[in-house]
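This briefing collects selected local features of the structure shown below. The points are grouped by topic for reference alongside the coordinates.

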Amino acid sequence: MNRLHVFLDAVILVASYFLAHWAVFEQADKISAYTKQFYYSALFFIVPVFMILYWIFRLYTPKRVMGRRLELGNVFKANAIGLLILTMVLYLGKEALQDFSRPMVFLFVGINFTLDGLFRLTVKTILQKYRVKGYNQKQVLLIGYSRAAEMYITRVEKNPSWGYRIRGILDDDLVWGTEYHGIRVIGKVDDLDLLLEKVHLDEIAIALGLDKYSRLEHIVSICEKSGVHTKFIPDYYKIIPTKPYTEDLQGLPVIHIRYVPLSDSFNMTIKRIIDIFGALVAITLFSPVMLAAVIGVRLSSPGPIIFKQERVGLHNRNFSMYKFRSMGVQAPKEEQKAWTVKNDPRVTRFGRFMRKTSIDELPQLFNILKGDMSLVGPRPERPLFVEKFREEIPRYMVKHQVRPGLTGWAQVNGFRGDTSISKRIEYDLYYIENWTLGLDFKILFLTFFKGFVNKNAY
């Protein structure tokens with residue numbers, strides 16, 4: 001953990017708090033129910049909480065390859081959770097803190113996110129430019145020539161701002177001078193000791209081919225003797241995820257084939273809290289629209305207003321998904337035969353309007369409150385089609401490791417309705433393996449522009 005970075009974050013937190021207090025009370029000439037000292041004493045709680053959140057979101061872990069958007073997203077998430085904690089504290093302590101300024105708290109978090117985000121982006125930009133010019137470089141040696149080695153070299157070459165300089169490759173099967181993108185084989189594995197005496201190295205990257213794994217333990221032993229930081233680039237990168245989840249079984253590392261962030265109880269809890277809060281807000285905001293839909297469905301055709309359909313959800317469990325009825329009443333067996341097609345005679349005129357504008361999906365907000373669904377996630381499918389796709393599409397069933405969503409990454413990228421199921425699953429898998437709160441907020445934002453009105457919704 002970078003002590004200077006921690007100190008500067010604390011300074012930004014305090015400065016943001018002072019600015020918020022000044023803007024709300026002194027600049028606006030507003031009389032406070034509490035003294036300055038009382039407000040300032042809250043910093044003894046606020047600063048440690050926010051620093052812990054920064055640590056939880058890995059903002060103190062050095063990452064040369066972390067993108068600007070990812071780091072800024074982590075800053076946003078830490079501040080959003082911090083605001084949630086402060087709001088909860090004020091609510092629980094409403095008798096003692098009823099006059100504590102809520103606008104000041106919101107302003108403080110907004111200022112802190114802005115200042116800390118700008119600070120981190122500025123530092124990252126300066127360091128990246130510095131590395132592109134050849135400074136602050138990490139000297140790396142590759143051991144083993146493989147597909148993984150080629151992929152590593154290619155990525156480092158395309159991203160000079162990472163500040164990695166590959167000095168060469170040690171391989172027992174290739175002749176001296178063999179090169180890939182200008183990186184040469186400069187010796188055998190047993191030459192490592194001699195090479196370390198002549199060349200300063202910061203990292204050793206083991207990139208053995210799959211056929212060389214029997215020698216891995218011996219090579220790791222040689223690398224460990226060097227005292228230089230060693231990392232492993234697996235040649236089976238197409239099998240394991242980019243963010244592997246490892247489990248410790250009394251000293252035995254177990255790598256899970258697929259990393260699912262939402263299997264973590266902390267992530268799951270945070271997402272569930274946001275789902276409940278978001279569903280309640282959406283129900284309140286869209287209540288006039290839902291009331292109009294109720295009247296429209298009632299006037300358009302006889303039958304129930306709400307249509308219930310069995311779908312497959314989390315852990316392959318079936319649930320009843322709610323929609324405003326957009327078709328004439330059918331026998332259950334007829335309804336399950338196929339998807340709705342263009343100009344489907346079963347769809348009412350008002351139902352066609354609801355489908356085009358996604359109004360028919362609004363009752364699923366109550367599915368979210370029940371816990372069957374989430375605001376964001378892969379769209380749920382009927383059991384009949386799940387059984388069909390599980391045999392035809394590789395990795396299809398992985399989508400059921402998370403709650404299905406009202407909207408999703410596939411939908412905001414155009415894969416909704418009568419579109420490619422394979423492509424839809426690709427986007428669903430990306431969401432499942434790369435879930436963050438930031439990605440959820442991004443999908444919700446894009447839904448307003450890309451997700452409601454859909455040309456493929458019949």
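Valine 386 is buried, because its relative accessibility of 2% falls under the 20% cut-off for that class. The residue is placed in helix 15, which spans residues 383-392. The model is a predicted one, and the points below should be read accordingly.

- Arginine 311 and valine 386 are 75 residues apart along the chain, yet their C-alpha atoms are separated by 9.0 Å.

**Nonpolar surface patch**
- Ile52, Trp55, Ile56 and Phe266 make a nonpolar surface patch of about 410 Å².
- With three residues, helix 3 (residues 43-56) gives the most to this patch.
- Tryptophan 55 is located in helix 3.
- The relative accessible area of tryptophan 55 is 55%, so the residue is classed as exposed, the cut-off being over 50%.

- Helix 4 (residues 68-92) and helix 6 (residues 102-132) have axes that come within 10 Å and cross at roughly 160°.
- Helix 4 and helix 6 are therefore roughly antiparallel to each other, since angles over 145 degrees count as such.
- The crossing of helix 4 and helix 6 is right-handed.
- Helix 3 packs with helix 6 at an angle of about 45°, and the axes of the two are 14 Å apart.
- Helix 3 is therefore oblique to helix 6.
- A right-handed crossing is also found for helix 3 and helix 6.

**Positive phi in residues other than glycine**
- Most residues other than glycine have a negative phi.
- Histidine 181, which is not a glycine, has a positive phi of about 55°.
- Histidine 181 is in the loop between strand 3 (179-180) and strand 4 (183-187).
- With a relative accessible area of 43%, histidine 181 is partly exposed, because this value lies between the cut-offs of 20% and 50%.
- Serine 358 has a positive phi as well, near 65°, and is likewise a residue other than glycine.
- The loop between helix 13 (349-357) and helix 14 (364-370) contains serine 358.
- Serine 358 counts as buried, at 7% relative accessibility.

Definitions and conventions. Residues are numbered from 1 along each chain as its sequence is written. This is a predicted model: local features need pLDDT of at least 70, side-chain atom pairs count only at pLDDT 80 or more; totals for chains, interfaces and linings use all residues. Side-chain values use heavy atoms; hydrogens and water are left out. Patches are made of residues with over 30% relative accessible area and no salt bridge: like charges are joined within 9 Å, nonpolar side chains (Val, Leu, Ile, Met, Phe, Trp, Tyr) within 5 Å. Accessible areas come from the Shrake-Rupley method with a 1.4 Å probe; for residues, only the protein chains shown count as cover. A salt bridge is a side-chain nitrogen of Lys or Arg within 4 Å of a carboxyl oxygen of Asp or Glu. Helices (H or I, at least four residues) and strands (E, at least two) are DSSP runs, numbered from the N terminus. Buried means under 20% relative accessible area, exposed over 50%, partly exposed in between (1.4 Å probe, protein chains only). Axes are lines fitted to C-alpha atoms, for helices over the stretch in contact, and angles run from 0 to 180 degrees between N-to-C directions. Angles under 35 degrees count as roughly parallel, over 145 as roughly antiparallel, 65 to 115 as roughly perpendicular and the rest as oblique. A crossing is left-handed if the near helix is turned anticlockwise from the far one by less than a right angle, and right-handed if clockwise.
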